[in-house]
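Please have the sequence and the model open as you read.

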Amino acid sequence: MRHCEEVKGKFVQLRFKGSPWLLLASKDQHAFHNQILAHFLTEQQIPHNWRSPEVLNFDYPQLEVIGGGKFLLDWGRNEMVLSDNSMVYGRFDETLLRESIAQVGMPWAGLKFEIR
């Protein structure tokens, strides 16, 4: 059972150890793209630090931040819209994103994706 029909948030697109990744966070989880990335770095035990509230430092050659944006996930309509860009990391790579989406598993496999 899904807790809510509609989820809004931000995402960060990256390449980690040679594979494409898409990190999603609802508005309630993280307000900024660099906070999403910091959470991921912590989970992966990758050293990082904040140079300022806006600037996240890390040095990990197997991690490339590609870009970011916003998402709207509507479970009722079985749809996810990806749009906008990150002020810190720039716009996501649409071609890579489409390729990644084509390979996703459940529960994402049944979703219709729209990129704006």
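Let us begin with Glu79, which is found in strand β6 (residues 79-83); strands here are DSSP runs of E with at least two residues, helices are runs of H or I with at least four, and both are numbered from the N terminus. This is a predicted model, in which local features need pLDDT of at least 70 and side-chain atom pairs count only at pLDDT 80 or more, while totals for chains, interfaces and linings use all residues. Residues are numbered from 1 along each chain as its sequence is written, and side-chain values use heavy atoms, with hydrogens and water left out.

Glu79 is buried, at a relative accessible area of 16% (buried means under 20%, exposed over 50% and partly exposed in between, with a 1.4 Å probe and protein chains only). Leaving aside residues up to four places away in sequence, Glu79 touches Leu72, Leu73, Asp74, Leu111, Lys112 and Glu114, where contact means heavy atoms within 4.5 Å.

Now for the rings. Rings of Phe, Tyr and Trp (its six-membered ring) pair if their centres lie within 6.5 Å; planes under 30 degrees apart are stacked, over 60 edge-to-face and the rest tilted. By this rule there are five aromatic pairs. One of them joins Phe16 and Phe40 edge-to-face, with 5.1 Å centre to centre and 85° between the planes. Phe16 belongs to strand β1 (residues 6-16) and Phe40 to helix α1 (residues 33-43), so this pair ties together parts that are 24 residues apart in sequence. Phe16 is buried at 5% relative accessible area, and Phe40 is buried too, at 4%. Ring pairs also link Phe16, Trp21, Phe40 and Tyr60 into a cluster.

Last come the pockets. A pocket is an open set of points on a 1 Å grid over the protein atoms alone, where a 1.4 Å probe fits, with protein on both sides within 12 Å along at least five of seven lines; lining residues have an atom within 4 Å of a point. A volume is the space filled by probe spheres set on the points, which are joined across faces, edges and corners.

| Pocket | Volume | Top contributor to lining |
|---|---|---|
| Largest | about 450 Å³ | β2, six residues |

The largest pocket is lined by 21 residues, and Trp21, Leu22, Leu23, Leu24 and Trp108 lie nearest its centre. β2 (19-26), α1 and α2 (94-101) each supply at least two residues of that lining.
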